[in-house]
Amino acid sequence: MAGRRRASRHGVLALCLLLVSLVACGGKAGNGTARADVQELLDRRASAVLDRDRAAFMQTGALDWFENARGVPFAAWAYRLTGLHQDGAEATADVELKYRIQGYDNAPVTVGRTLTLSLDAGGEWYVDQEQPAKKSAQQLWDQGEVDVVRGKHSLVLGVGRSSAALHTYADLADRAVPAVSAEWGTDWTRHVVVLVPKSLEGMAGLLGSPASSYRGIAAVTTGETGAPASAPADRIIVNPDAYGVLGSVGKQVVLTHETTHVATRDHTTAATPLWLSEGYADWVGYLDSGRSPVQAAPELWRAVTEGRTPKALPADADFGFSGDATKLAQAYESGWLACRMIADRWGTEQLRAFYQAVGAHKQRAGAVEDALKTILGTDLDDFTAQWRDYLRDQLD
C-alpha cells in the first residue's frame with residue numbers, strides 16, 4: 001500500500017510474540033488494549049471520511065470504497081467496535097457504522113460492517129478490507145463511484161448513470177414532493193433521497209435481498225414504519241431495469257407513490273394494512289396523471305368484467321413481491337380504488353384523517369373498523385359492499 005511497508009509473514013509472527021502485552025494471539029477475542037487500538041484506528045478512519053482526506057484514509061488501510069463516496073455530503077460518520085476476533089497478527093472486526101447525510105438525515109443511518117485487519121511492520125493495526133457485515137445490506141458506494149445530483153426537494157445518488165439521467169430523477173422527485181404535500185400536508189421533511197443503482201442486482205444488494213424478489217418492481221422505499229421524526233430519512237431505491245421501461249407518466253406515478261410513503265411514514269404503523277398504505281400512495285400517485293380506472297387497474301378490470309369481483313379487501317399477504325404477479329397487481333389496484341372511493345364519497349380530508357386514525361390504533365385488530373366508524377360513519381361490511389359496487393361502477 002502507498003506509504004506503508006508491510007512485514008513478511010515470519011516477521012509478523014515474531015512481532016506478535018514480542019508484543020504479547022499488546023495483542024492476544026491464537027484466535028481468541030482481542031484483549032482490551034487491542035480493542036482500544038482498533039477503535040482508535042476506526043476513529044481516525046471516520047475523521048478521514050468526513051474530511052475527505054485521502055492520505056489520512058490511506059494511513060488507516062486500503063482505500064476500498066473511499067473514492068466512490070467522496071461526493072456524498074456526509075454530516076456524520078462514526079464506527080463503534082462491537083467485536084474483535086484475533087488470530088495472531090490478523091483480526092476480524094465487527095463494527096457498527098452510523099452516518100448521516102447533510103440536510104436529509106435527522107438521525108444516523110445504522111449499518112453493520114466487517115473489517116479484516118492486520119498488524120503492519122510498526123505494530124499498528126491496518127484495515128485490509130471493509131465490507132457489509134453478514135446479513136447486512138450494501139451501501140451504494142460499495143457498488144461503484146457515486147455521482148450526486150441535488151434537486152430543489154431531492155438528493156439523487158447514482159452509480160453507473162449519466163448526470164443527465166440523474167437530473168431526470170431529481171426533476172421527477174421535485175415534482176412529487178409538492179404534489180404529496182398538497183394532499184397530505186406539510187408536516188413532514190418535504191425532501192427525499194433517491195438511490196439509483198446500476199442494475200436490478202444493485203438494487204437487491206442495497207436491500208440485502210435476492211434480485212428475484214424485486215424483478216418487475218420499479219422502486220421501493222426503505223424506512224421503519226411508525227418511526228419518530230428523529231429517525232433517519234427514508235431512501236427511495238430505484239430498480240433501473242423495471243423503471244427504465246416506463247413511460248413519462250408511469251415514472252412520475254412511481255416517484256410520487258414512493259414519496260408518499262416517505263411523507264406518511266410517521267402515521268404508518270403495524271396497525272396500518274397494506275391495502276391502505278399502498279392504496280393511499282397510489283391514490284396520490286395517480287392524481288393528475290390522466291389515467292382512468294380502467295387504464296390504471298387493468299387486472300382488476302379484467303376480473304370485474306369476467307364476473308370475479310373481489311369479495312374482500314386484499315390481505316397483507318397479497319402484496320408479496322415473490323408471489324403471483326396478477327394477484328399482486330390486483331391487490332394494489334384494489335387498495336387504490338378503495339382510497340379513491342373514500343376521496344370521492346367522503347372527501348380528501350376525511351381520507352387523510354382515516355389514514356391517520358388507523359395508524360394511531362395501538363394494534364391491528366379493530367384499527368380499520370374503529371376508524372371506519374369514527375371517521376367515515378360506517379362499518380367494515382357496509383364499506384366493503386360499497387367498495388365492490390364502486391369497482392363494478394368504475395370498471396365494468
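This is a predicted model: local features need pLDDT of at least 70, side-chain atom pairs count only at pLDDT 80 or more; totals for chains, interfaces and linings use all residues.

User: How are the planes of F74 and Y99 arranged, stacked or edge-to-face?

Analyst: There are 20 aromatic pairs in the structure. In the one formed by F74 and Y99, the centres sit 5.8 Å apart and the planes make an angle of 80°. Planes over 60 degrees apart count as edge-to-face, so this pair is edge-to-face.

User: Which parts of the chain does that pair link, and how many residues apart are they?

Analyst: F74 belongs to strand β1 (residues 74–87), while Y99 belongs to strand β2 (residues 90–101). The pair links distant parts of the chain, the two residues being 25 residues apart.

User: Is Y99 buried or exposed?

Analyst: Its relative accessibility comes out at 4%. Buried means under 20%, so Y99 is buried.

User: Which residues are linked into a cluster by ring pairs?

Analyst: F74 and Y99 are both in it.

User: Is α8 roughly parallel or roughly perpendicular to α11?

Analyst: The axes of helix α8 (residues 274–286) and α11 come within 7 Å, crossing at roughly 70°. Angles from 65 to 115 degrees count as roughly perpendicular, so α8 is roughly perpendicular to α11.

User: What classes of residue make up the contact of α8 with α11?

Analyst: On the α8 side you'll find W275, L276 and W283, among others, and α11 brings residues including Y332, W336 and R340. By class, the contact has three charged, two polar and ten nonpolar residues.

Technical notes: Residues are numbered from 1 along each chain as its sequence is written. Side-chain values use heavy atoms; hydrogens and water are left out. Rings of Phe, Tyr and Trp (its six-membered ring) pair if their centres lie within 6.5 Å; planes under 30 degrees apart count as stacked, over 60 as edge-to-face and the rest as tilted. Helices (H or I, at least four residues) and strands (E, at least two) are DSSP runs, numbered from the N terminus. Buried means under 20% relative accessible area, exposed over 50%, partly exposed in between (1.4 Å probe, protein chains only). Axes are lines fitted to C-alpha atoms, for helices over the stretch in contact, and angles run from 0 to 180 degrees between N-to-C directions. Angles under 35 degrees count as roughly parallel, over 145 as roughly antiparallel, 65 to 115 as roughly perpendicular and the rest as oblique. Contact means heavy atoms within 4.5 Å. Ala, Val, Leu, Ile, Met, Phe, Trp, Tyr, Cys and Pro count as nonpolar, Asp, Glu, Lys and Arg as charged, and the others, Gly among them, as polar.
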